[in-house]
Amino acid sequence: MSKIQEVKSKVEQGRTKIIPGLVQEALDEGDKAEDILQVMIDAMSTVGDKFSAGEIFVPEMLVAAKAMSKGVDVLKPHLVSGDTSSLGTCIIGTVAGDLHDIGKNLVAMMIESAGFKVVDLGVDVPKEKFIEAVQQNDNVKIVACSGLLTTTMPAMKETVKALKESKLQGFKIMVGGAPVTPEFASEINADAYTPDAGSAAVEAKKLASA
Amino acid sequence: MLTKRENLLETIKGGNPDRFVNQYEFLDIILEIPILVTMVTPGKEIKNEWGITFRWPEGQIGGFPVQDDDHIVLKDITQWEKYVKAPSVIVPEEKWKATIKHANSVDRKDKFVTAFVAPGLFEMTHHLMGMENALTSFYEEPEKMHELINYITDYELRLAEQIINHIHPDAIFHHDDWGSQKSTFMAPKMFEEFFYPNYKKIYGYYKDNGVQLIVHHSDCYAATLVPYMIDMGIDIWQGVMTTNNTPELIKNYGGKISFMGDIDSGVVDFPEWTVENTAKYVEKACRRCGKHYFIPCLTQGLNFSSFPGVYNAVSKEIDNMSKIMF
């Protein structure tokens with residue numbers, strides 16, 4: 001197995017402790033930083049698919065994302081652009097009144113691993129803060145709103161409405177979380193709904209390139 | 001007419017119940033156990049006896065641990081002994097008085113004197129260190145996670161000893177959420193390695209000391225964990241969501257464990273709830289799950305609803321279904 005293929009395989013396995021060394025070895029052997037980055041993105045895409053299919057669980061996805069992140073740290077100085085986020089910026093947060101962050105964090109990790117710059121606004125985020133983040137960041141392609149409570153679904157609706165009415169352009173709105181359904185997403189005028197973190201990354205890429 | 005206790009036993013043994021067990025009616029749950037950790041109440045923020053901060057936003061339906069850099073208790077699993085200190089389970093006897101009085105007031109022929117215990121082992125790990133840190137540490141620092149879980153288990157056993165000595169409960173209602181509505185948080189094999197043996201020890205201790213019934217709350221998908229639940233001594237899994245395919249579970253495991261739930265709180269317990277909608281979901285649950293090894297119940301833990309009136313409306317509809325089906 002070539003070194004670069006080993007990087008891919010070990011990211012998929014979430015081998016956080018050995019990835020930095022492997023990435024360095026791949027660089028030393030002459031593999032291009034951009035190519036190494038791409039195999040790690042591919043690895044995370046496989047991880048996302050396996051998660052969506054129920055073949056792996058949250059811990060496996062978390063350690064894979066962490067392994068990639070450690071690999072990216074080694075790669076960064078070697079990338080021509082110095083940038084690992086070629087797909088644009090994704091603003092993400094859990095809507096006002098809701099303190100759940102696990103699902104939102106998983107989505108953020110997977111979207112970042114797919115090649116976006118992620119601006120994580122945290123939990124209990126008022127609609128004004130989402131708008132402010134779109135205004136203050138460059139090349140925003142995605143705004144992702146998470147909510148885990150039936151009682152915060154109105155806040156999600158308000159956030160989507162405010163973003164749509166803000167006249168800001170160039171981005172799509174994704175929503176998700178346990179009580180959210182495709183019907184609700186459509187009803188509140190969101191551009192996309194995805195049921196889990198793996199499919200969120202796939203959808204974000206699709207929306208950003210549309 | 002059977003007492004509530006008799007009817008429950010007939011239901012979970014596959015005998016001759018004369019009606020559906022109606023939600024929590026068979027349990028007299030004692031919440032006021034003086035050595036349990038302090039629970040956050042609506043609109044408040046508290047720091048409990050383990051040092052964990054909980055916040056319950058005004059107008060919302062639950063409290064959550066606050067785990068930013070300023071609040072998180074366990075900052076480094078490799079040094080967990082430095083950060084994690086279990087509270088004492090010894091308090092002045094005076095503090096047990098109300099609890100004992102409550103236990104003594106229960107007619108044990110009719111109901112099970114039930115001690116409420118929360119949070120469970122898994123919940124405690126992620127309350128202390130955050131969910132992401134806990135779940136990645138199972139891979140990165142498995143030995144340290146075993147040590148931490150063993151430490152929490154020892155605390156739970158000390159807690160159990162005090163509860164048993166003071167109120168001699170007939171049942172335990174133990175809280176530990178193990179998944180989301182669609183999946184367990186971890187693979188069954190990981191659960192087997194980290195939690196199964198420790199729960200077997202805790203529930204075994206309760207049973208060896210006179211507790212007849214272990215009711216475990218986990219309102220999530222956990223169908224793949226049912227064989228472990230049976231082996232660790234759980235008699236009733238409360239909180240079983242419809243995503244588990246409850247009828248299939250009853251078919252496969254009825255007689256070894258019973259299932260309490262199948263009325264997902266999210267679809268009936270919301271601000272604009274209606275009697276008609278409630279009746280629809282109660283009827284579905286009763287008809288598809290049947291009379292044995294099943295207790296129709298909201299999936300939410302404990303005998304209340306998030307929105308006023310829903311719990312009682314569900315109970316009323318279960319009584320109606322008893323009239324129709326028994």
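Before I start on strands: I count two strands as paired if DSSP finds at least two bridges between them. I also keep in mind that this is a predicted model.

**Entry 1: a strand in chain B.** I looked up β1 of chain B (residues 27-30) and found four bridges joining β1(B) to β5(B), with the two running parallel. Leu27(B) sits opposite Phe112(B) of β5(B). On to the next partner: β5(B) is also joined by four bridges to β6 (residues 171-175) of chain B, again in parallel. There, Thr114(B) has Ala171(B) of β6(B) as its bridge partner.

**Entry 2: is β5(B) buried or exposed?** I checked residues 112-117 of chain B, and six of the six are buried, so the strand is largely enclosed by the rest of the structure. Phe112(B), Thr114(B) and Phe116(B) point one way, while Val113(B), Ala115(B) and Val117(B) point the other way.

**Entry 3: the sheet in chain A.** I traced an open sheet of five strands, in the order β2-β1-β3-β4-β5 (chain A), with parallel pairing. At the edges I found β2 (117-120) and β5 (192-193) of chain A, each pairing on one side only. β1 (residues 89-94) of chain A is linked to β2(A) by four bridges, and Ile92(A) stands opposite Asp120(A). Next I looked for helices on this sheet. α5(A) packs on it and touches β1, β2, β3 (140-146) and β4 (172-176) of chain A, its direction making about 170° with that of β1(A). α6 (residues 127-136) of chain A lies across β1, β2 and β3 of chain A, at about 165° to β1(A).

**Entry 4: two helices crossing.** I picked α3 (residues 33-52) and α9 (residues 197-209) of chain A, whose axes come within 7 Å and cross at roughly 130°. That makes α3(A) oblique to α9(A). On the α3(A) side I noted Gly48(A), Asp49(A), Phe51(A) and Ser52(A), which meet residues of α9(A) including Ala197(A) and Val202(A). I sorted the contact into four nonpolar, four polar and one charged residue.

**Entry 5: where the chains meet.** How many residues of chain A are in contact with chain B? I got 19 residues of chain A, against 23 residues of chain B. α4 (58-75) and α5 (102-113) of chain A each supply at least two residues of that side of chain A. α4(A) gives the most, with five residues. The side of chain A that touches chain B divides into ten nonpolar, seven polar and two charged residues.

Technical notes: Residues are numbered from 1 along each chain as its sequence is written. Chains are lettered from A and ligands numbered from 1 in the order in which they are written. This is a predicted model: local features need pLDDT of at least 70, side-chain atom pairs count only at pLDDT 80 or more; totals for chains, interfaces and linings use all residues. Two residues are in contact if their C-beta atoms, placed from the backbone, lie within 7 Å. Ala, Val, Leu, Ile, Met, Phe, Trp, Tyr, Cys and Pro count as nonpolar, Asp, Glu, Lys and Arg as charged, and the others, Gly among them, as polar. Axes are lines fitted to C-alpha atoms, for helices over the stretch in contact, and angles run from 0 to 180 degrees between N-to-C directions. Angles under 35 degrees count as roughly parallel, over 145 as roughly antiparallel, 65 to 115 as roughly perpendicular and the rest as oblique. A residue is buried if 20 or more other C-beta atoms lie within 10 Å of its own, exposed if 12 or fewer, and partly exposed in between; C-beta atoms are placed from the backbone.
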